[in-house]
Amino acid sequence: MQIQVDTREHKKEWERIRTQFDDIGVKYFRSKMYVGDYQSLDNPRLVIDRKKDLQELCGNVCQQHERFKAELVRAIQQDIKIVILVEHGEDIKTLEDVYFWQNPRKHEIRWKTVNGRKVKTVCSEKAVDGMQLYKSLCTIRDRYNVDFAFCEKSETGKKIVEILNDGR
């Protein structure tokens, strides 16, 4: 298998994944991709769009919605299947687990000083919580034929290969 990697992948993230590819003997090359971040030359109609965690995915879905939607539409127009691979960690293994995610932007407690007294504040009451994100991802899955996969950062390279092999 030879994997094409988008040149716009973040340098640090790519270096980590490249090391994982090297460890398992995967061949790869880098060039700009039309959609997504990774694809196998054996099946160019299947791409993986990697997200570093649910926080990044939440930003794409909520704050960068139009750009994100445009990529999904481009994929459908070209008959390309997208799998969004989220490197969140061991607590999120399925799409259903997203429902119970606690967004640190909403649930993180911070202390600030007001009139000489420490006051407890929540980061942002308007931040999206797991239930809202789950509903949005289900809509994206159903409307744009997108699959979601989850892994830990230490297994991303292996998971990319697994998804691309299974999609043949």
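Which residues in H1 meet which residues in H7? In this predicted model, Arg-16, Ile-17, Gln-20, Phe-21 and Ile-24 of H1 are in contact with Thr-156, Gly-157, Lys-158, Ile-160 and Val-161 of H7. By class, the residues of this contact comprise 5 nonpolar, 3 polar and 2 charged. Helix H1 spans residues 11-24 and helix H7 spans residues 156-166, and the two pack with their axes 8 Å apart at an angle of about 65 degrees. Angles of 65 to 115 degrees count as roughly perpendicular, so H1 is described as roughly perpendicular to H7.

The protein contains 7 helices and 8 strands, and 6 of the strands form an open sheet of mixed pairing, in the order E2-E1-E3-E4-E5-E8. Strand E2 (27-30) and strand E8 (147-150) are the edge strands, each pairing on one side only, while neighbouring strands of the sheet are turned against each other by 25 degrees on average, direction ignored. Within the sheet, strand E1 (residues 2-5) and strand E3 (residues 38-40) run antiparallel and are joined by 3 bridges, with Gln-39 in E3 as the bridge partner of Gln-4. Helix H7 also lies across E1, E3, strand E4 (43-51), strand E5 (81-86) and E8, and runs at about 150 degrees to E4.

For the protein as a whole, 42% of the 168 residues count as buried, and the accessible surface comes to about 9,800 Å², of which 47% belongs to carbon and sulfur atoms. Of the contacts between residues at least 6 apart in sequence, 72% join residues at least 24 apart.

Terms used. Residues are numbered from 1 along each chain as its sequence is written. This is a predicted model: local features need pLDDT of at least 70, side-chain atom pairs count only at pLDDT 80 or more; totals for chains, interfaces and linings use all residues. Side-chain values use heavy atoms; hydrogens and water are left out. Helices (H or I, at least four residues) and strands (E, at least two) are DSSP runs, numbered from the N terminus. Buried means under 20% relative accessible area, exposed over 50%, partly exposed in between (1.4 Å probe, protein chains only). Contact means heavy atoms within 4.5 Å. Accessible areas come from the Shrake-Rupley method with a 1.4 Å probe; for residues, only the protein chains shown count as cover. Axes are lines fitted to C-alpha atoms, for helices over the stretch in contact, and angles run from 0 to 180 degrees between N-to-C directions. Angles under 35 degrees count as roughly parallel, over 145 as roughly antiparallel, 65 to 115 as roughly perpendicular and the rest as oblique. Ala, Val, Leu, Ile, Met, Phe, Trp, Tyr, Cys and Pro count as nonpolar, Asp, Glu, Lys and Arg as charged, and the others, Gly among them, as polar. Two strands pair if DSSP finds at least two bridges between them.
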